[in-house]
Amino acid sequence: MTTKSAVSKRYLFLATLLIILAGGLVLLPKYQKHEGIKPELLLSNAISPERYISTDELADRIINQDPSILLIDVRDSISYLKNTIPNAVNIPLKDILKEDYEGYLNQDEYDVILFSNDNFYADEAWIICNRLDYQNLRVLKGGINRWFNTIINPTKPTENMAAINFELYSTRKAASMYFGVAYPEQAKKQAAPVKVTPKKTVVPVKKKKKMPAEGGC
């Protein structure tokens, strides 16, 4: 199977999943009164590349202590406890519709970034939340697998590669050091103080509902 064929089948599967979710989500008893966005808009949002964030952009925002990001790990709790991205909140995909988590996912103040091992479960979570018209949702491109392969353990370019590859590696290496990765050359230098970023505590706040107008006498 060619790469192009595999990609085409992946998009076909995603489109089919979108149609099923778009039509079926409203059948859930809890959400019968919440029709959400139209299937056409959902599909338009889903095929937009803007819904993804790269590992490099995310690392830059974390290092610069961007207060506007909220990381959501949609994997199971066992995977989350083994490894995750700093300050991420665990909301397993199977629990994504629970009311307890609505305050995290239905946000006006934060950019909610969903991630899983790759894109698959995070894409599903994004589709469900987008169907409910939740805003400011993005998916980490490549998931935590790409995070470890590019930020935590970046591949050193070979000598015949372009200068831009060495610049990118240098940036990623610096990022990996920020996240606690030690390199052999560091052992020869005096250990520098480790910068520790305090864990961000997020208090979920549900959107205020409009109260019905009271009638006069």
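Ala 88 sits in the loop that links helix 4 (77-82) to strand 3. In this predicted model, Ala 88 is buried, because its relative accessible area of 2% falls under the 20% cut-off. The C-alpha atom of Ala 88 is separated by 5.5 Å from that of Ile 72, although the two residues are 16 apart along the chain.

- Strands of a sheet pair through backbone hydrogen bonds, in either a parallel or an antiparallel manner.
- Strand 2 (residues 69-73) and strand 3 run parallel and are joined by 2 bridges.
- Asp 73 has Asn 90 of strand 3 as its bridge partner.

**Contact between helix 3 and helix 7**

- Helix 3 (residues 55-63) packs with helix 7 (residues 143-152) at an angle of about 75°, and their axes are 10 Å apart.
- Angles of 65 to 115 degrees count as roughly perpendicular, so helix 3 and helix 7 are roughly perpendicular to each other.
- On the helix 3 side, the contact is made by Thr 55, Asp 56, Leu 58, Ala 59 and Ile 62.
- On the helix 7 side, these residues meet Gly 143, Arg 146, Trp 147, Thr 150 and Ile 151.
- By class, the contact of helix 3 with helix 7 comprises 5 nonpolar, 3 polar and 2 charged residues.

**Buried face of helix 3**

- Thr 55, Leu 58, Ala 59, Arg 61 and Ile 62 are the buried residues of helix 3.
- Viewed down the axis of helix 3, its buried residues fall within an arc of 165°, and therefore they line one face of the helix.
- Among the elements against which the buried residues of helix 3 pack are strand 1, strand 2, strand 4 and strand 5.
- The buried residues of helix 3 also pack against helix 7 and helix 8 (163-178).
- Gln 65, which follows helix 3, has a positive phi near 50°.

Terms used
Residues are numbered from 1 along each chain as its sequence is written. This is a predicted model: local features need pLDDT of at least 70, side-chain atom pairs count only at pLDDT 80 or more; totals for chains, interfaces and linings use all residues. Side-chain values use heavy atoms; hydrogens and water are left out. Two strands pair if DSSP finds at least two bridges between them. Helices (H or I, at least four residues) and strands (E, at least two) are DSSP runs, numbered from the N terminus. Buried means under 20% relative accessible area, exposed over 50%, partly exposed in between (1.4 Å probe, protein chains only). Axes are lines fitted to C-alpha atoms, for helices over the stretch in contact, and angles run from 0 to 180 degrees between N-to-C directions. Angles under 35 degrees count as roughly parallel, over 145 as roughly antiparallel, 65 to 115 as roughly perpendicular and the rest as oblique. Contact means heavy atoms within 4.5 Å. Ala, Val, Leu, Ile, Met, Phe, Trp, Tyr, Cys and Pro count as nonpolar, Asp, Glu, Lys and Arg as charged, and the others, Gly among them, as polar. The arc is that of the directions from the helix axis to the C-beta atoms.
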